[in-house]
Amino acid sequence: MNKPMKLTILGATGSIGTSTIDVMLRHPQAFAAYALVGHRNAKLMAELAEKVRPELVVMTDESAYFELKGKLPAGVNLAYGMDEAIAAAEHADVDMVMAAMVGSAGLPATLAAVRAGKRVGLANKECLVTAGRVFMQAAKESGATVVPVDSEHAAVHQALIGHDRDSVTRIILTASGGPFRNRDPKTLINVTPAEAVAHPNWSMGAKISIDSATMMNKALELIEARWLFDAKAEQLSAIIHPQSIVHAMVEYRDGSVLAQMAMPDMRSPIIYAMQAEPRLESGIPWLELAQTHPLEFQAVDEERFPAMRLVKGVLAGEDSLAIALNAANEVANQAFQDGKVGFMGIVSTVEAVLNKTENKHIETLDDVWQHDAISRQLANEVIAK
Ligand SMILES: NC(=O)c1ccc[n+]([C@@H]2O[C@H](COP(=O)([O-])OP(=O)(O)OC[C@H]3O[C@@H](n4cnc5c(N)ncnc54)[C@H](OP(=O)(O)O)[C@@H]3O)[C@@H](O)[C@H]2O)c1
């Protein structure tokens with residue numbers, strides 16, 4: 001019998017992290033944990049360590065590390081800091097890394113896994129948006145397999161298998177439209193963080209839920225798709241599909257369109273990223289098309305969702321624009337959660353930062369971080385005004 005695949009889960013205490021643990025525990029003969037990596041949530045990490053019994057737990061927040069000391073089961077080691085998270089991602093015993101930290105904080109450890117040639121399940125879209133060129137080049141050099149975990153990209157991945165890439169005319173990502181798809185645009189100014197995180201179809205972390213409400217999430221996903229599938233800007237588009245049953249479509253030159261469907265539950269793309277074939281049971285409900293509401297599709301309204309207008313310019317431009325879009329969005333999203341900027345201020349902050357950003361090709365990680373820092377500073381200045 002084959003040995004179980006050993007995983008390091010970055011962001012183990014988050015929505016994707018806990019769903020990964022759910023599917024992992026359904027298949028103990030196939031998967032085992034080397035390390036669980038969390039940030040602040042010591043209480044949940046203690047529970048997860050009890051269930052999963054990894055060899056190592058890493059907390060990247062110091063006080064959470066001290067909170068956990070003495071609370072882990074026998075045989076589970078505890079470490080602190082991002083350097084330890086990186087070491088857990090590149091460790092020789094690790095076969096696969098689930099990259100599910102939120103934001104560009106996830107980039108160093110995810111990139112370390114890629115450079116070490118691991119199979120990488122990529123939930124953290126921000127690291128590909130920020131450093132796609134460096135990231136994909138590193139995967140090419142090390143032989144790492146990067147498998148998308150985002151449901152839309154997992155769908156594209158499946159619809160591309162066995163087909164000639166040069167015959168692809170369009171990659172179409174679906175978007176639910178979030179909680180404000182039908183809300184009077186004039187009232188969006190009053191949206192609260194609690195309303196913005198209440199996604200109609202998906203249960204997710206706060207940052208991505210707010211990104212879904214502004215549709216900045218779809219903007220990030222289009223940039224992510226550009227790197228994952230080596231696609232040109234004109235091949236990439238999004239369409240509103242309120243039911244979130246069709247996750248993406250690939251159109252071929254002969255007019256044939258391949259769509260992937262599943263109930264909206266991240267455990268399906270997660271297990272696909274862990275082992276594509278033979279397929280394993282994920283625990284998600286079966287899709288009964290006769291019982292789901294009619295499947296609807298609508299064009300994206302760029303007036304309501306200006307993030308989708310901004311991303312067109314970003315996709316047509318150079319890497320510096322994607323770095324600026326991501327960094328400014330991370331700052332503005334957090335500022336919205338902290339009550340420092342209104343809902344409409346998120347995308348207008350990103351637009352203001354993009355307007356001040358030079359369109360530049362970026363080759364190195366140092367340059368990525370430098371542009372990221374400049375964009376964050378600009379975003380903070382815009383918000384302070
Ligand atoms: N949720 C989804 O359905 C979904 C779907 C597609 C893609 N994604 C992507 O997957 C990633 C994770 O999303 P999520 O919804 O799972 O987020 P989440 O529930 O907020 O979890 C985020 C994880 O990252 C950790 N974290 C937060 N700040 C950190 C920092 N500064 N340094 C290191 N770790 C940090 C958190 O640790 P603590 O909680 O311990 O502080 C937690 O484990 C995001 O990039 C998101 O875009 C998510």
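This is a predicted model: local features need pLDDT of at least 70, side-chain atom pairs count only at pLDDT 80 or more; totals for chains, interfaces and linings use all residues.

Colleague: At what angle do helix α13 and helix α15 pack?

Modeller: Two packed helices are described by the angle between their axes and the distance between the axes. Here, α13 (residues 319–337) and α15 (residues 365–384) pack at about 45 degrees, and their axes are 8 Å apart. The two helices are therefore oblique to each other. The crossing of α13 past α15 is right-handed.

Colleague: Which residues make the contact?

Modeller: On the α13 side they include I323, A327, V331 and A335, and on the α15 side H371, L378 and I383 are among them. By class, the contact has 11 nonpolar, 4 polar and 2 charged residues.

Colleague: Now the strands. Do β2 and β3 run parallel or antiparallel?

Modeller: Strand β2 (residues 31–38) and β3 run parallel, joined by 4 bridges. A35 has L56 of β3 as its bridge partner. Both faces of β3 (residues 56–59) are covered: L56 and V58 are buried on one side, V57 and M59 on the other.

Colleague: Why does G121 count as buried?

Modeller: A residue is called buried if 20 or more other C-beta atoms lie within 10 Å of its own. G121 counts as buried because it has 30 C-beta neighbours inside 10 Å. This residue lies in strand β6 (residues 119–122).

Colleague: What does G121 touch beyond its sequence neighbours?

Modeller: Leaving out residues up to four places away in sequence, G121 touches M96, M98, A99, V147, V149, I270, A273 and M274.

How values were computed. Residues are numbered from 1 along each chain as its sequence is written. Axes are lines fitted to C-alpha atoms, for helices over the stretch in contact, and angles run from 0 to 180 degrees between N-to-C directions. Angles under 35 degrees count as roughly parallel, over 145 as roughly antiparallel, 65 to 115 as roughly perpendicular and the rest as oblique. A crossing is left-handed if the near helix is turned anticlockwise from the far one by less than a right angle, and right-handed if clockwise. Two residues are in contact if their C-beta atoms, placed from the backbone, lie within 7 Å. Ala, Val, Leu, Ile, Met, Phe, Trp, Tyr, Cys and Pro count as nonpolar, Asp, Glu, Lys and Arg as charged, and the others, Gly among them, as polar. A residue is buried if 20 or more other C-beta atoms lie within 10 Å of its own, exposed if 12 or fewer, and partly exposed in between; C-beta atoms are placed from the backbone. Two strands pair if DSSP finds at least two bridges between them.
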